[in-house]
Amino acid sequence: MPHIVTDKCQRCRFTDCVTTCPVACFHGDATMLYIDNVQCVDCGACVQACPVHAIYEESDLPADKFEWLQINAQRAPGLPVISDKQVPLPTADARKRELGYE
Amino acid sequence: MNSVTSDALSALGSPDNPLRVAIVGSGPSGFYAAEALLKSGLTVQVDMIERLPVPFGLVRFGVAPDHPKLKQCTAIFDQVAQSSHFRFIGNVTVGRDISVEQLQHTQHAVLFACGAEVDRRLGLVNEYLPGSHTATEFVGWYNGHPDYRERQFDLSGETAVIIGHGNVAIDVARILCKPVDELRSTDISAHALEVLATSRVREVHLIGRRGPAQASFTAKELRELGDLNGCEVQVSATDLQLGPVCLEELKVNNNFNAAKNVETFLGWSTRAVKPAAKRICFHFFQSPIDMIGKNHVHSIRLERNTLTGLPFVQSPRGTGITSELECNLVFRSIGYRGVPIPGVPFDTDRGIFPNTAGRIGTSPGLYAAGWIKRGPSGIIGTNRADAVATVQSLLADLMQLQALPRSGADTLSDFLAHHQPVVSYADWQRIDAEERIRGAAAGKPREKITRVSDMLDLVERSRHSMKPINTAQSLGSSS
């Protein structure tokens, strides 16, 4: 079952997930990351790596995040691969607190 | 002697003076370290040394045959190996065929990614009774590892006990309980399939010394057990009544894997029991204190534990209440330890090469990544992040590495001149192709070649068949 990046990544973009991806299936724009679910091998390493739990396996996806399944599938293939950690967005720490992750 | 300090030359990592790194081990940590080095922007020559003639370590020999998707990372490894700055040096054992000292003579850095190859001991007197095995042996056996392919497992009894609550324990339970017909189309080794087809095991008990909130299963792997055909999962409702400290642990936001595990157990404990041919039972708060049997294990004695301590550092303490569980087979799956290599410091307590951020010892030049660096935890992707971090440490040491006395020449080939054969990546690709052909004939993605001698024979034969003049002859004689 595919893994999905949700909008919890927005204003964070910590990118810790990308270094744990064994198959380089993360793509990104300036706002957030997306998983190419054709490449994803469903190992789940990224789920643990994300400091704000922005990534879910499809079966764990909260009801209010279903739309992100489609959005990941549509956007990922057209965007550049991100496989090295990048500097988080300046709002990342504030956003992390806002989401309840200390 | 003829060593020169490389600072007489151009900067280390430039085309005239490539950074030479030996990587010991060809599993995920090794390949991801190679990837990070080759992407660093410096000119790097990576020599990856592997004791077997085949690469990929636990991706080939650890990942369960019914989890083929996880093996797709080998496509990334193949890309890494295509670099003209990468050499695979297979069938060479560091510490036996070539010493660490010899490696240091020619390489600026040696990066150990050799994993944790042996099991931790339980410490029981009767631990080695016949019928009691390590999970490593069983996993290596069904995955066709040459070291374990000759092992014998008597699956004629009905009850197996697995000690340990991690993903390896789950793999072993699943392979024992999955309908064998569902394994036929995987790359499980033929010799294992044959034995599993006659298995009479119908009950598998997984024993853990702590509770459901501390089990180190990946939530996804745990859930999979509940969906096995013809198999029921049991867990006692009493074991799921968690104490206040456990509940506190589960409330912590980033402890969601444990929370999901507990949710899965709760689901199983309340769902209607369906009649099934096989059964997996989880036991919590139990420590094995003895194995009983004269010539063969026939039961295991357990002591009930209670947990004491603060959140996330709770430890089990025996209550004196014991019980006995009859069984025909025991698998010990309580973690792994690395194996020492002469010339490298070793932490005997933890079974790792002691290091700081991947740097072994105090003088630069030796590095560690993956399980030999931090112990046997995490999955394939975890080791990518880990290997990247070690490579960052290595690259930060560039000035010190440049100052080390090194021959500056490729003397590795000289050291290995009398060692035959050294297996190249092209050789491996021929083994790979042959395994796929044999697999296709059996309806499997591959049929692994499981003896080193057979691998080397194939390498020899295919090298001959590469010479055009011998093509017809070899084709005629090889089939």
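Start by showing chain A and chain B together: in this predicted model they bury about 1,900 Å² between them, 52% of it on carbon and sulfur atoms. Buried area is the accessible area (1.4 Å probe) that two parts lose on being put together, summed over both.

Now widen the selection to the whole contact (heavy atoms within 4.5 Å): 26 residues come from chain A and 19 from chain B.

Zoom in on B:R223 and A:E57, whose side chains meet in a salt bridge at 2.8 Å, N to O. The rule (a side-chain nitrogen of Lys or Arg within 4 Å of a carboxyl oxygen of Asp or Glu) finds six salt bridges across this interface.

The largest share, five residues, comes from α12(B).

Finally, colour by pLDDT, the predictor's confidence in each residue, from 0 to 100. Chain B has a mean of 92, and 95% of its residues reach 70 or more. Select residues 468–479 of chain B to see a stretch where the pLDDT is below 50. Where pLDDT is low, the predicted coordinates should not be read in detail.

For finding your way, residues are numbered from 1 along each chain as its sequence is written, and chains are lettered from A in the order in which they are written. Local features need pLDDT of at least 70, side-chain atom pairs count only at pLDDT 80 or more, and totals for chains, interfaces and linings use all residues, while side-chain values use heavy atoms, with hydrogens and water left out.

Notes: Contact means heavy atoms within 4.5 Å. Helices (H or I, at least four residues) and strands (E, at least two) are DSSP runs, numbered from the N terminus.
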